[in-house]
Amino acid sequence: MRTKSLKKNKINVITLGCSKNVYDSEVLMGQLRASGKEVVHEEEGNIVVINTCGFIDNAKAESVNMILEYADKKERGLVDKVFVTGCLSERYRPDLEKEIPNIDQYFGTTELPQLLKALGADYKHELLGERLTTTPKNYAYLKISEGCDRPCSFCAIPLMRGKNVSQTIEKLVKEAEGLAKNGVKELILIAQDLTYYGLDLYKKRNLGELLEALVKVEGIEWIRLHYAFPTGFPMDILEIMKREPKICNYIDIPLQHISDSILKSMRRGTTQAKTTKLLKDFREAVPGMAIRTTLIVGYPGETEEDFNILKDFVQEMKFDRMGCFAYSHEENTHAYLLEDDVPDEVKQARANEIMELQSQISWDLNQEKVGKTFKCIIDRKEGGHFVGRTEFDSPDVDNEVLIDASKHYVKTGEFVMIKIIEATEFDLYGEPI
């Protein structure tokens, strides 16, 4: 008898890209575990599933390199099978099948049942919302909708994720209750576009009603909003945010640019004046609210004047958190019809300049926190520090609060009151009180 047939399969799921992919991997792992499969996340396993990202050039390159690495491992007998799923696979499957044939199968973003079947598992409908979380035990992502109906010229997400499809409030509450039972204290609401939530199901923007339902879930102490679109923002959210202590005074609202000519070409459906008013309304309605945004520089036709308008805006608005990306010319998007006329080195120099500006703003804002006390959640211990966050910070992308572990002990997964004693551009140093 060949011993190989007795070997127990272990499925290793590798996640690339954004928090929405993290969520999808967790659902896949939950389904595999329910079918009695041994499954791990980014550890050793003889069967590998790579959940890819296909958003911009850097992400695509990372995904392709990972596929090539595991195709090579399969060739050398280090792993038995390799499957590829996610956005890159959805968008470029024919090319990938041709260029990297040594993969057992490629799957798109909506083919979970087929992927499970290939892994010898059944798709279980009754597992609605149940998943194996890969984040620290105290927080989890809650994906409230999939896909996007916006026509942004630069974005390939609708090509990979399809039209906006909202989850029902009942399903999301049930999922949140399950997470809370497992010790999750912070829900991070994610979607391609939070502000569109409910239009397909309830014929109105219904994020407010969803929040009103989620704050009632016992055990959940923080609810954080990610990826809100500026056009058509449901303003009732601000009143709920101010009234409900569970909803973090934090919003992630990707603005992408502010020059009117670039906004028009990007098909963002807004103007500099409207955006500026919206942000001022935010700050008036919820004083002390942290606003995170994302910007794109080097979009086709972006002149020095457009860039200077953007720089002045960043200086004036003083965002609490920000990311800036060089434009990536994506096939089959509306902007692909335009000439990618800003040289790569100019794109990169502009991105660096914006982040340099932001670095100074972040330094100034962080110095104002010294001497103040904040409620923090402790995510993990790393090296000589316990690492936590305030309600104004999201995991992986924002400031962290570092507590000297040689002097203080705090429990991971718990909330602690921390006094800030020192600050740099992107980190706060504190001690428990």
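Reply: For "domain: MTTase N-terminal", an unreviewed UniProt entry lists residues 9-124. UniProt positions are given here in the numbering used for this model, feature names are shortened, and annotations may be inferred rather than shown by experiment. The model is predicted, so local features need pLDDT of at least 70 and side-chain atom pairs count only at pLDDT 80 or more, whereas totals for chains, interfaces and linings use all residues. Residues are numbered from 1 along each chain as its sequence is written, and side-chain values use heavy atoms, with hydrogens and water left out.

Helices (H or I, at least four residues) and strands (E, at least two) are DSSP runs, numbered from the N terminus.

Within this stretch, helix α2 (residues 57-75) packs on helix α3 (residues 87-99) at an angle of about 55°, and their axes are 12 Å apart. Axes are lines fitted to C-alpha atoms, for helices over the stretch in contact, and angles run from 0 to 180 degrees between N-to-C directions. The angle therefore makes α2 oblique to α3; angles under 35 degrees count as roughly parallel, over 145 as roughly antiparallel, 65 to 115 as roughly perpendicular and the rest as oblique. On the α2 side the contact is made by K60, S63, V64 and I67, and on the α3 side by L88, R91, Y92 and L96. Contact means heavy atoms within 4.5 Å. The crossing of α2 and α3 is right-handed, a crossing being left-handed if the near helix is turned anticlockwise from the far one by less than a right angle, and right-handed if clockwise.

E42 is found in the loop between β2 (38-41) and β3 (47-52). Although E42 is not a glycine, its phi is positive, at about 55°. With 45% relative accessibility, E42 counts as partly exposed; buried means under 20% relative accessible area, exposed over 50%, and partly exposed in between (1.4 Å probe, protein chains only).

The rest of the chain supplies the context. The UniProt annotation "domain: Radical SAM core", also from an unreviewed entry, covers residues 134-364. Over residues 134-364 the chain is 41% helix and 16% strand, with the end C-alpha atoms 34 Å apart. V184 lies in the loop between α6 (169-181) and β9 (186-190) and is buried, at a relative accessible area of 4%. Setting aside residues up to four places away in sequence, V184 touches K137, N138, Y139, A140, L179, G219 and I220. Q358, in helix α13 (residues 344-367), is likewise buried, with a relative accessible area of 1%. By the same exclusion, Q358 touches V314, F319, D320, R321 and M322.

Over residues 367-433 the chain is 1% helix and 52% strand, and the end C-alpha atoms lie 19 Å apart.

As to confidence, the mean pLDDT of the protein is 94, and 98% of its residues reach 70 or more. Over residues 1-5 the pLDDT is below 50, and this stretch has two contacts in the model beyond near neighbours in sequence. The pLDDT is the predictor's confidence in each residue, from 0 to 100. Where pLDDT is low, the predicted coordinates should not be read in detail.
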